[in-house]
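Good morning, and thank you for coming.

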Amino acid sequence: MSALTVRALTVPGRLNGVSFALRHGTLAAVVGPNGSGKSTLLQAAAGLLPAGGDVELDGRTLPRIAVIDRARRLAWVPQEASFQFAFSVREVVAQGRYMWADDGSGVDDALTAFDLRDLADRPVTRLSGGERQRVSLARAVATGARLQLWDEPVAQLDVRHALEVMALARRFANGGAALLVSLHDLRMTRSFDRVLLLQLGRLVADGRPEEVLTPAAILKVFGVRARPAVSLHLELPDDRRERA
């Protein structure tokens with residue numbers, strides 16, 4: 001059974017009849033030019049936007065899933081983390097456990113995973129944009145949801161934290177979670193299982209990164225030429241890869 005099934009998902013003027021299914025244990029990227037519908041797709045799949053078509057979580061349509069049960073199954077991370085109140089980092093991450101009514105045992109793990117232990121007592125309103133994004137990701141992971149929808153999670157992060165977040169995403173997928181992550185940097189998709197390519201609100205390709213992001217497709221959709229080039233290959237040191 002698929003973790004997420006989307007059928008003919010439509011948001012007028014923004015998304016046009018998108019269909020796909022995402023299984024547990026899959027790390028999938030959503031890519032496309034600005035305005036192609038990446039954020040709209042994630043929000044509509046999370047039930048945060050009115051949309052035509054159907055969305056199913058583990059075989060059940062969204063309207064049939066109680067809100068608290070949906071919060072246990074699905075977590076969404078917005079493109080920009082915005083916090084209006086000066087809660088501490090720990091308090092914000094702990095919000096991810098409210099629907100479970102437990103002792104919040106997953107909070108420390110989430111803080112550690114996103115390198116936030118030293119910031120745990122700091123008000124979120126005093127953090128940088130990248131730090132706030134990591135808090136938002138940690139809160140989503142603390143939910144324990146097996147379906148994670150992340151909108152541009154690394155756009156504001158420095159190179160080390162971006163690599164760590166991608167390593168964590170890979171680890172979560174290997175552990176059986178399903179992740180759908182929107183990205184601008186096409187190079188990051190090399191470690192993904194699958195790429196969904198959007199153009200003008202339509203799904204124009206879906207498959208392995210090397211199958212979808214061909215030079216011809218990149219030229220057609222993005223209007224740029226893809227050429228082989230010698231470039232810096234960046235990866236985490238062994239000790240950090242083991243922790244991520």
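**Trp150 and its surroundings**

Let me begin with a single residue. Not counting residues up to four places away in sequence, Trp150 touches Leu42, Val77, Leu137, Ala140, Val141, Val165, Ala169, Phe172, Leu179, Leu180, Val181 and Ser182. Please keep in mind throughout that this is a predicted model.

Which residues of the largest nonpolar core touch the most other members? They are Val89, Val93, Val135, Trp150 and Leu179, out of 48 residues in that core. Helix H6 supplies the largest share of this core, namely 7 residues. As general background, nonpolar side chains in soluble globular proteins tend to be buried together.

I turn now to strand S7, residues 147–151. Is this strand enclosed or open to the outside? Because 5 of its 5 residues are buried, S7 is largely enclosed by the rest of the structure. To follow that step, recall that a residue counts as buried when its relative accessible area is under 20%.

In a regular strand, side chains alternate between the two faces of the sheet. In S7, both faces are covered: Leu147, Leu149 and Asp151 are buried on one side, and Gln148 and Trp150 are buried on the other.

What are the neighbours of S7 in the sheet? Strand S6, residues 74–77, runs parallel to S7 and is joined to it by 4 bridges. Within this pairing, Trp76 has Leu149 of S7 as its bridge partner. Strand S8, residues 178–182, also runs parallel to S7, and 5 bridges connect the two. Here Leu147 stands opposite Ala178 of S8.

Helix H6, residues 159–174, belongs to this picture as well. Together, S7, H6 and S8 form a right-handed β-α-β unit.

**The antiparallel sheet**

Let us move to another sheet. This one is open, has 4 strands in the order S2-S1-S4-S5, and shows antiparallel pairing. Which strands stand at its edges? They are S2, residues 15–23, and S5, residues 60–61; each has a single partner strand, so one side of each is left without a neighbour in the sheet.

Helix H1, residues 38–45, packs on this sheet and touches S1, S2 and S4. The direction of H1 makes about 120° with that of S1.

Leu57 stands opposite Arg60 of S5.

**Charged pairs**

Side chains of opposite charge can pair when their charged atoms come close. How many salt bridges are there in this model? The count comes to 11. Arg60 takes part in a network of salt bridges that links Asp58, Arg60, Asp69 and Arg73.

I shall describe three further pairs. In the pair of Asp108 and Arg90, the closest N and O atoms are 2.7 Å apart. Asp108 lies in helix H4, residues 106–113, and Arg90 lies in helix H3, residues 89–94, so the pair ties together parts that are 18 residues apart in sequence. Asp108 counts as partly exposed, at 33% relative accessibility, and Arg90 is also partly exposed, at 31%.

The next pair returns us to H6. Glu164 forms a salt bridge with Arg160, with the closest N and O atoms 3.0 Å apart. Both residues lie in H6, 4 residues apart, which is about one turn of the helix. Is Glu164 buried or exposed? Glu164 counts as buried, because its relative accessibility is 9%, whereas Arg160 is partly exposed at 28%.

In the last pair, the side chains of Arg187 and Asp185 meet in a salt bridge, at 3.0 Å from N to O. Arg187 counts as exposed at 59% relative accessibility, while Asp185 is partly exposed at 26%.

**A final residue**

I end with Glu211, which lies in helix H7, residues 209–212. Glu211 is exposed, with a relative accessible area of 55%. How far apart are Glu211 and Arg194 in space? Their C-alpha atoms are 9.3 Å apart, and the two residues are 17 residues apart in sequence.

Thank you for your attention.

Technical notes. Residues are numbered from 1 along each chain as its sequence is written. This is a predicted model: local features need pLDDT of at least 70, side-chain atom pairs count only at pLDDT 80 or more; totals for chains, interfaces and linings use all residues. Side-chain values use heavy atoms; hydrogens and water are left out. Buried means under 20% relative accessible area, exposed over 50%, partly exposed in between (1.4 Å probe, protein chains only). Two strands pair if DSSP finds at least two bridges between them. A crossover is right-handed if, with the strands pointing away from the viewer, the path from the first strand over the helix to the second runs clockwise. A nonpolar core is a set of buried Ala, Val, Leu, Ile, Met, Phe, Trp, Tyr and Cys residues joined through side-chain atoms within 4.5 Å. Contact means heavy atoms within 4.5 Å. A salt bridge is a side-chain nitrogen of Lys or Arg within 4 Å of a carboxyl oxygen of Asp or Glu. Axes are lines fitted to C-alpha atoms, for helices over the stretch in contact, and angles run from 0 to 180 degrees between N-to-C directions.
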